[in-house]
Amino acid sequence: PIEHAAFIPIATSAGFVFHHSHERSLSLLYTVNGKATVPDFATHYIGAGGVVFNRREELLVVSEWHRRDRSQPYYKLPGGALMPGEHLIDGVIREVREETGVEAEFDALVAFRHWHGFRWNKSDIYFICRLVAKSEQITIQESEIEEAKWMPVHEYLSCEYASPFNKRVVRAANENQGISTEEMEGYDDPSRFEFFIPRIDD
């Protein structure tokens, strides 16, 4: 605990090394058996973005305040990092609501991407989910979002101010069934478990 931080130089001088830390605690590790291994801690960030469609075949897009080129808008999908202990579905719905004010419901997982060397040199996994809008009134999160709007899907797919990756996942969400969630026998605690299984036509 942070209250005993004075012990850190004593422990490190005895051969302990840092393993991981939280806001008010630090864990140090000393290997007694040279063949023993301890897994790394918190190697990845997890995030989720939403491809949100309304009934008019429009897509919900945002342009963030913080972007490299401020000379024109750059339209992306609403989303962000999951909170500790938060399910993927709950996280993407929350992020969409926070950034745009739009209420939506989960329909399917459509893609994910994985890259290394992200924030603090950690790896990052980002899931993209198809959502169906339950409301359409937009109220932006002014601290992060400069603009949010509904855009026709075909217009977004030809927009020069959108990334190839975002365009590709919008196409995937628009043209494929995706992967749905389902309950799994033997895993009865919904607060802990979340399963995504490809849909099978009966």
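Colleague: How many salt bridges does the structure hold?

Modeller: Side chains of opposite charge can pair when their charged atoms come close. Here a salt bridge is a side-chain nitrogen of Lys or Arg within 4 Å of a carboxyl oxygen of Asp or Glu. By this criterion, the number of salt bridges in the structure is eleven.

Colleague: What kind of model is this?

Modeller: Residues are numbered from 1 along each chain as its sequence is written, and side-chain values use heavy atoms, with hydrogens and water left out. Local features need pLDDT of at least 70, side-chain atom pairs count only at pLDDT 80 or more, and totals for chains, interfaces and linings use all residues; the model is predicted.

Colleague: How many helices and strands does the protein have?

Modeller: Both are DSSP runs numbered from the N terminus: helices are H or I with at least four residues, and strands are E with at least two. Along the sequence they follow the pattern α-β-β-β-β-β-α-β-β-β-α-α-β-β. The counts are four helices and ten strands.

Colleague: Why does the pair of D107 and R130 tie together separate parts of the sequence?

Modeller: D107 and R130 form a salt bridge in which the closest N and O atoms are 2.7 Å apart. D107 belongs to strand β6 (residues 104-115) and R130 to strand β7, so the parts tied together are 23 residues apart in sequence.

Colleague: Is R130 buried or exposed?

Modeller: Buried means under 20% relative accessible area and exposed over 50%, with partly exposed in between (1.4 Å probe, protein chains only). D107, the partner of R130, has 27% and counts as partly exposed. At 9%, R130 counts as buried.

Colleague: Which residues are linked with E86 in a network of salt bridges?

Modeller: E86 forms a salt bridge with R94, the closest N and O atoms being 2.7 Å apart. R94 counts as buried, at 12% relative accessibility. The residues linked with E86 in the network are R94, E95 and E98.

Colleague: How many disulfides does a search of the whole structure find?

Modeller: A disulfide is a pair of cysteine sulfur atoms within 2.5 Å. C129 is buried, with a relative accessible area of 0%, and C159 is buried as well, with 12%. The number of disulfides found is zero.

Colleague: What radius of gyration does the protein have?

Modeller: The radius of gyration is taken over C-alpha atoms, and the globule rule is 2.2 Å times the number of residues to the power 0.38. Along the principal axes, the C-alpha trace spans about 65 × 50 × 25 Å. A compact globule of 202 residues would have a radius near 17 Å, but that of the protein is 21 Å.

Colleague: Which residues make a nonpolar surface patch of about 330 Å²?

Modeller: Patches are made of residues with over 30% relative accessible area and no salt bridge; like charges are joined within 9 Å, and nonpolar side chains (Val, Leu, Ile, Met, Phe, Trp, Tyr) within 5 Å. Accessible areas come from the Shrake-Rupley method with a 1.4 Å probe, and for residues only the protein chains shown count as cover. One member, in the loop between α1 (8-13) and β1 (17-22), is F16. The patch is made by F16, Y30 and V32.

Colleague: Which residues does L77 touch?

Modeller: L77 is placed in the loop between β4 and β5 (79-81) and counts as buried, at 5% relative accessibility. Contact means heavy atoms within 4.5 Å. Not counting residues up to four places away in sequence, L77 touches G50, V51, L59, L60, V62, I128, N166, V169 and V170.

Colleague: What phi does E57 have?

Modeller: Most residues other than glycine have a negative phi, and most peptide bonds are trans. E57 is in the loop between β3 and β4 and counts as exposed, at 62% relative accessibility. Although E57 is not a glycine, its phi is positive, at about 60°.
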